[in-house]
Amino acid sequence: MSPDETSRREFVALTCACCAAALGADALADEAPQPTTIDLGPLSDFKTEGPYDKFARSKKLLVLSTGKRIAVATARCTHKTCVLKVNEGQLNCPCHKSKFDNDGIPLNGPAKVSLNRYGVSIVDDHLIVDLSKQFEERRWDEVEAFVSIES
């Protein structure tokens, strides 16, 4: 065998090393800092009462407009984390058929736990969500868990 040739054992070892390096680089890329605040757009986009799933797939967020309040909740079902969808004005889990009301409280299961909400504010008439602040159902009335809107 010439010095330019590689044995099968060396080839397998080199391939494994390359795969490990690629996986390590991918893991480092996943650990890149994510933004903690997201601009969801103008408040006028959420004037109609009900849930909005515009950001469910891309950001895993739901906007919940109920009366004179807007809240932002996770779009992941509390049963097995499938992404929820709005169907006929109701939040539905396409995986296991859980349904949630427009506040994020489970109506029928298998989901038993309400959706967590995130901190939310209005800046320059835009809805801003703060992912670093989370609120369980018992804390939904805290001032940062929703914004009040005028009709």
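Modeller: Start with R139, which is partly exposed at a relative accessible area of 28%. Partly exposed lies between buried, under 20% relative accessible area, and exposed, over 50% (1.4 Å probe, protein chains only). This is a predicted model: local features need pLDDT of at least 70 and side-chain atom pairs count only at pLDDT 80 or more, while totals for chains, interfaces and linings use all residues. Residues are numbered from 1 along each chain as its sequence is written, and side-chain values use heavy atoms, with hydrogens and water left out.

Colleague: Which residue forms a salt bridge with R139?

Modeller: E142 does, with the closest N and O atoms 2.8 Å apart. A salt bridge here is a side-chain nitrogen of Lys or Arg within 4 Å of a carboxyl oxygen of Asp or Glu. E142 is partly exposed, at 33% relative accessibility.

Colleague: D130, buried or exposed?

Modeller: D130 counts as buried, because its relative accessibility is 15%. K133 counts as partly exposed at 30%. E144 is partly exposed too, at 37%.

Colleague: How many salt bridges in the structure?

Modeller: Six.

Colleague: Switching to rings. How many aromatic pairs does a search of the whole structure find?

Modeller: One. The ring centres of F46 and Y52 are 5.2 Å apart and the planes sit at 90°, so the pair is edge-to-face. Rings of Phe, Tyr and Trp (its six-membered ring) pair if their centres lie within 6.5 Å; planes under 30 degrees apart are stacked, over 60 edge-to-face, the rest tilted.

Colleague: F46, buried or exposed?

Modeller: Buried, with a relative accessible area of 2%. Y52 is buried as well, at 18%.

Colleague: And which ring does the charged end of R69 sit over?

Modeller: F146, 3.6 Å from the ring centre. That contact needs NZ of Lys or CZ of Arg within 6 Å of the ring centre and within 35 degrees of the ring normal.

Colleague: What about R117?

Modeller: The charged end of R117 sits over the ring of W140, 3.7 Å from its centre.
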